Amino acid sequence: YKSKDESVYISISSIKDLVVDEDSTYKVQITNLESVSKTFYLKVSGMDVDYDKKIVVPAGSSGMLEFTLSPDSVGQENIFIEVSTDKGVVAEELYSVEVVEKNDLFVYVVSLFIGVIVILSLVWYLQRYREWKNYY
C-alpha cells in the first residue's frame, strides 16, 4: 500500500470472504523508515465495529496490529481502515465487501447420507421385486 508519508510503509490485509457468525482476523503491518520512533493509530469502522488501537514502532522497525470482524447479517458492508500518526493520516482504505450466509457442512453431509440411504433402499426394493416377479 502506498502511504501518504514516504517515511512509512503500510501493508493492510485485503478484506474479503466474510461469512455470517464467523470471526475473520486481519493484519496491518506498519514499517517506520524514519530514524526516530513513531506512534501509530489504527482506526477501523463499519459493520458495527469501532476499533481504535495504537502502537509505537521503533526507528527502522516494523509493528503489527490485528483486528477481527464478526459479521452478524448477510449483505453489503463497508469497512474503513485508517492509520495515522500525531501529524495526521498516513494511510486509509475503504473496503466494500459482501457478507454471505454460513455454509453448514453438517447439513450437507446429513443430506447426502439420507440421499444415499434412499437410493440404496430403492435399489434393494427393485431387486427384491424383480426376484419375486421371476419366482412367480
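Q: What makes V44 and L69 count as contacts of V49?
A: Contact means that heavy atoms lie within 4.5 Å. V49 touches V44 and L69, where residues up to four places away in sequence are not counted. V49 itself is found in strand β5; strands are DSSP runs (E, at least two residues), helices are DSSP runs (H or I, at least four residues), and both are numbered from the N terminus.

Q: What kind of model do these values come from?
A: This is a predicted model, in which local features need pLDDT of at least 70 and side-chain atom pairs count only at pLDDT 80 or more, while totals for chains, interfaces and linings use all residues. Residues are numbered from 1 along each chain as its sequence is written, and side-chain values use heavy atoms, with hydrogens and water left out.

Q: Why is S24 called buried?
A: Buried means under 20% relative accessible area, exposed means over 50%, and partly exposed lies in between (1.4 Å probe, protein chains only). S24 has 14% relative accessibility, so S24 counts as buried. This residue lies in strand β3 (residues 24-32). Apart from neighbours within four places in sequence, S24 is in contact with L18, F67, T68 and L69.

Q: Why is the pair of Y51 and F67 called tilted?
A: Rings of Phe, Tyr and Trp (its six-membered ring) pair if their centres lie within 6.5 Å; planes under 30 degrees apart count as stacked, over 60 as edge-to-face and the rest as tilted. A search of the whole structure finds 3 aromatic pairs. In the pair of Y51 and F67, the ring centres are 6.2 Å apart and the planes stand at 50 degrees, so the pair is tilted. Y51 lies in strand β5 (residues 49-57) and F67 in strand β6 (residues 62-69), so the pair ties together parts that are 16 residues apart in sequence. Both Y51 and F67 are buried, and ring pairs link Y26, Y51 and F67 into a cluster.

Q: What makes a set of residues a nonpolar core, and which residues have the most contacts inside the largest one?
A: A nonpolar core is a set of buried Ala, Val, Leu, Ile, Met, Phe, Trp, Tyr and Cys residues joined through side-chain atoms within 4.5 Å. The largest such core has 28 residues, and I15, I30 and F67 have the most contacts inside it. Strand β8 gives the most to this core, with 5 residues. Among the residues that F67 touches, not counting those up to four places away in sequence, are I15, V28, L42 and I81.
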